[in-house]
Structure formats: C-alpha cells, structure tokens
Amino acid sequence: YAEIRVATVTIKNEVFLLVSIANITDEVLKREELQLKEKRYRNLYFRNKAGVFTLNTRTQVIEANDAFFRMFENSLKKGEKLFEDEQFTDWSFIMDSLKSTEKAQNYQTQYTLNSGNKKTFVFSWYIDTQTGYIEGSVIDLTSIEKANQALKESEEKYRLIYEESN
C-alpha cells in the first residue's frame, strides 16, 4: 500500500507539483488487524450465550449483552444497579477480592428478581485497571439446580422403596 500526496507550489509565477510517496503497508495491515480483533470482541460479547456485562464500582450496568438481560428476565436495564443496598454485603466481598487479585471466578450467589423468582447465578469477573470498570460473565444455574434437586428426591424415594420392601 502506498500513500501519494500531491500539492501545488507556485514559485516565481510557475506552478510546480510536489509529490510525496510513502509506504503505508504496515499501517494498513495494523488497522485491518485491529478491525478484525474488534469484530471478534463484539461477536464474543454480544453473541455469547452466557451473560456478558460491564459494571461500574457502584454495580450499575454500563453495557451487557442480550443473554445477560434475558437471565435477569429483563428486570434490569442499563444504568440500573445489579446489587441493591440489601445485597451490598455480596458486593463488598466481591470488591475486596477484586482489589487483591483483580479477578474473581466462580462466585455463586442466590438472586431474587423483581418478579420474586429466585435464581442461582455463577459470576466470573475482573476489574479493568485502565477504566476501573468490572467486566465479566454470568451463567444461570437455576435449571441445573432444579434438575439436581429432582434427581436427589427421586433417588431418596427409590431408596426408601427399596429399603422398606420385603
């Protein structure tokens, strides 16, 4: 890739063309690579099946993908707090761990939605030291926990039948 710049210069009533040619191959390739990385990042962020989010230190949602909002049954919107004051002990614990290691993984918590539904979420997050934002992902374990509980109840039922049968 080359960049050609042409300028006209007048010297003693004569017009001259001033031409400069520069090799910009490296700059173009770097720009293309950056665009490709940005596309990959956007795909990972917005097309991910896990909830992906960005919060500020007051737990306000700065950005999140659709999966995140669906997990919370669309009860959260950008600018609203993920953890309200009654859940602030959870957030204090998280912030303390983020300050010491800059990341926290597999933080499991019970969350009560505005609808009254209770869900079990597992968060992984880190603090971006340049912006001060907390970024991470969340998965909903509610259905897995319900299936696990049903399996335990079924096992208990059949164990009791077996033990009490002649």
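**Charges, fold and one exposed asparagine**

The protein carries 23 positive and 26 negative side chains, and the centres of the two sets are 5 Å apart. Lys and Arg count as positive and Asp and Glu as negative, while His and the chain ends are not counted; a charge is placed at NZ of Lys, CZ of Arg, CG of Asp or CD of Glu. This is a predicted model, in which local features need pLDDT of at least 70 and side-chain atom pairs count only at pLDDT 80 or more, whereas totals for chains, interfaces and linings use all residues. Residues are numbered from 1 along each chain as its sequence is written, and side-chain values use heavy atoms, with hydrogens and water left out.

The protein has 4 helices and 7 strands, in the sequence order β-β-α-β-β-α-α-β-β-β-α. Helices (H or I, at least four residues) and strands (E, at least two) are DSSP runs, numbered from the N terminus.

The C-alpha trace spans about 115 × 40 × 30 Å along its principal axes. Of the 166 residues in the protein, 28% are buried, buried being under 20% relative accessible area, exposed over 50%, and partly exposed in between (1.4 Å probe, protein chains only).

Strand β2 (residues 14-23) includes Asn23. Asn23 is exposed, with a relative accessible area of 61%. The side chains of Asn23 and Thr25 are joined by a polar contact of 2.7 Å; such a contact is a pair of N or O atoms within 3.5 Å, where within protein one must be able to donate a hydrogen and the other to accept it, and residues adjacent in sequence count only if both atoms are side-chain atoms. Between Asn23 and Phe83, 60 residues apart along the chain, the C-alpha separation is 53 Å.
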